Amino acid sequence: MNFHNSIIGTVGDTPLVKLNRVAKGAKGTILVKLEYFNPGNSMKDRIALKMIEDAEKSGALKPGGTIIESTSGNTGMGLSLAAISKGYKCIFTLADKQSPEKIDILRALGAEVHVCPTNVVPEDPRSYYSVAKKLNAEIPNSFYPNQYDNLSNALAHYETTGPEIWRDTDGKITHYAAGVGTGGSMCGVAKYLKGKNDKVTTVGIDTYGSVFKKYKETGQFDGNEVYPYLTEGIGEDILPKNVDFGLIDHFVKVTDKDGALMARRLAKEEGMFVGWSCGSAVYGAIEYAKENLQQEDVMVIIMPDHGTRYLGKVYNDNWMKDHGFTETGSFPTARDIVAGKNAGDELFTIHSSTKIGDAIQTMNARGIDQAPVVGNGEFVGSISDAKILKALIGAPALKNRPISQIMDDSFKFIALDNTVDVISKVLDKDTKGLLVRDDQNKVHILTQTDLLMSLTK
Ligand SMILES: Cc1ncc(COP(=O)(O)O)c(C=O)c1O
């Protein structure tokens with residue numbers, strides 16, 4: 001008889017499939033490794049199993065223990081499957097930008113799920129990293145796998161995914177591309193393949209709003225690179241230990257929109273119903289391939305998960321339209337508005353230590369109603385004339401205090417391709433301005449007046 005003793009026996013050994021239509025324009029053979037063939041429908045089944053088994057060996061996880069992890073969903077799914085087979089409990093913390101489907105799946109598998117705010121720094125006690133750490137400290141006999149810094153993550157890919165790719169390409173692979181989140185699937189596979197043939201080139205796919213590409217290219221961890229984005233699973237605002245920059249030859253950044261549209265094309269044109277970050281990986285890898293691959297080259301792109309987890313987002317037409325992601329938007333975009341501004345216009349900002357009285361004088365002289373507040377080279381807050389008026393009426397002596405005492409939260413960043421209808425939903429009585437980064441990395445402010453002007457031109 002041919003059977004597995006439990007579901008975890010079915011992890012790994014996923015197929016390689018050639019891209020036919022979406023890779024047009026690129027030379028060489030471009031293959032994708034479809035990790036949704038794993039029992040939890042993602043490549044994270046591999047690392048979940050390895051982290052648990054290594055913890056059992058080291059004694060960090062004991063019988064009847066509780067597994068606590070901060071996860072974008074897929075690792076939770078893999079951990080749940082392994083925990084069910086091995087008799088552990090699971091508690092997960094997720095960021096609230098994650099698809100509701102992912103949360104429901106984890107609960108269906110018996111896990112306890114804590115949903116935490118996305119737009120807070122990792123050190124904030126409300127972040128999903130901090131909540132997981134706190135629960136781990138409080139709950140006896142609990143184990144925190146920490147997929148970001150637990151090297152069993154990359155090792156799982158070194159021991160399984162890498163050898164499968166080498167075997168299935170008959171050692172002919174020349175390029176490997178993967179989205180980079182924790183870095184496990186990029187660096188574990190890269191280490192194995194480069195060990196077999198040091199000429200294999202690796203391409204990491206990053207998001208706008210993530211620190212990786214700039215860090216690789218300049219060695220600088222730039223907090224200004226960090227801003228909210230929507231793609232799930234790739235890009236980070238931290239440097240996980242599983243990312244070994246020496247193993248990643250190039251980084252390509254992909255927008256939320258390009259990744260989402262490519263995921264939809266993969267479904268329609270290749271019959272591959274894949275997750276959002278798969279679209280990002282394929283889009284970025286093909287951009288790279290068009291410039292760099294030769295006819296005899298063989299590229300493998302890893303496809304982390306399945307499309308069902310994004311039914312309410314990337315595969316929902318209304319959601320796509322709401323986010324300005326549909327191919328033919330009729331409204332102008334942030335890009336159009338920014339292009340219409342004077343090229344020489346510098347963003348007006350106020351330093352957080354500026355006295356409130358001085359700030360209002362300067363704003364008044366320039367005819368500005370609201371401005372971002374900066375400190376330590378980062379956007380730390382925002383201020384409006386209405387807010388200053390309210391503060392001074394309450395306590396006139398405040399005029400000699402720094403603006404940081406009364407400032408509001410920083411203006412949010414939005415994507416350059418968002419359309420005016422979407423942007424207008426974000427601007428309201430509490431949000432007077434938004435920030436957007438152009439292709440040259442220059443930051444611009446968008447206000448209600450900018451939106452009105454763009455619609456009446
Ligand atoms: C959907 C998805 N894509 C890509 C990744 C990135 O993979 P890695 O963590 O191996 O860098 C993840 C990891 O969380 C993911 O969940």
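This is a predicted model: local features need pLDDT of at least 70, side-chain atom pairs count only at pLDDT 80 or more; totals for chains, interfaces and linings use all residues.
Which residue has a polar backbone atom 2.8 Å from an oxygen atom of the ligand? It is Gly-183.

Asn-74 places a polar side-chain atom 3.1 Å from a ligand oxygen. Ser-277 also uses its side chain: a polar atom there lies 2.6 Å from a nitrogen atom of the ligand. How much of the ligand does the protein bury? Taken alone, the ligand exposes 390 Å², and the protein buries 98% of that.

Now the whole shell. There are 18 residues around the ligand. The closest are Lys-44, Gly-181, Thr-182, Ser-185 and Ser-277.

Next, the rings. Searching the whole structure gives 13 aromatic pairs. Take Tyr-36 and Phe-37. Their rings are stacked, with 5.3 Å between centres and 15° between planes. Tyr-36 is buried, because its relative accessibility is 14% and the cut-off is under 20%.

Compare that with another pair, Trp-276 and Phe-325. Is this one stacked or edge-to-face? The centres are 6.4 Å apart and the planes meet at 75°, so the pair is edge-to-face. Angles over 60 degrees count that way. Now look at where the two partners sit. Trp-276 belongs to helix H9, residues 276–292. Phe-325 is in the loop between helix H10 (317–322) and helix H11 (334–340). They are 49 residues apart, and the pair links distant parts of the chain. Both partners are buried: Trp-276 has 0% relative accessibility, and Phe-325 has 2%.

There is also a ring cluster. Ring pairs join Phe-212, Tyr-215, Phe-245 and Phe-251.

On to the cysteines. How many disulfides does a search of the whole structure find? The count is 0. Cys-116 is in none, and the nearest cysteine sulfur, in Cys-90, is 16 Å away. What about Cys-187? Its closest cysteine sulfur is in Cys-278, 18 Å off. A disulfide needs two sulfurs within 2.5 Å, so that distance is too far for a bond. A reminder for anyone new to this: a disulfide is a covalent bond between the sulfur atoms of two cysteines.

Two last stops. First, Thr-231. Find the loop between helix H7 (212–218) and strand E9 (250–254), and Thr-231 is there. Thr-231 is buried, with a relative accessible area of 0%. Which side chain does it contact? The side chain of Thr-231 makes a polar contact with that of Asp-256, at 2.5 Å.

Second, Glu-164. This residue lies in helix H5, residues 152–168. Glu-164 is a charged residue, yet it is buried, with a relative accessible area of 8%. How far is Glu-164 from Val-22? In sequence, they are 142 residues apart. In space, C-alpha to C-alpha, the distance is 24 Å.

Definitions and conventions: Residues are numbered from 1 along each chain as its sequence is written. Side-chain values use heavy atoms; hydrogens and water are left out. A residue is near a molecule or strand if one of its heavy atoms lies within 4 Å of it. A polar contact is a pair of N or O atoms within 3.5 Å; within protein, one must be able to donate a hydrogen and the other to accept it, and residues adjacent in sequence count only if both atoms are side-chain atoms. Accessible areas come from the Shrake-Rupley method with a 1.4 Å probe; for residues, only the protein chains shown count as cover. Rings of Phe, Tyr and Trp (its six-membered ring) pair if their centres lie within 6.5 Å; planes under 30 degrees apart count as stacked, over 60 as edge-to-face and the rest as tilted. Buried means under 20% relative accessible area, exposed over 50%, partly exposed in between (1.4 Å probe, protein chains only). Helices (H or I, at least four residues) and strands (E, at least two) are DSSP runs, numbered from the N terminus.
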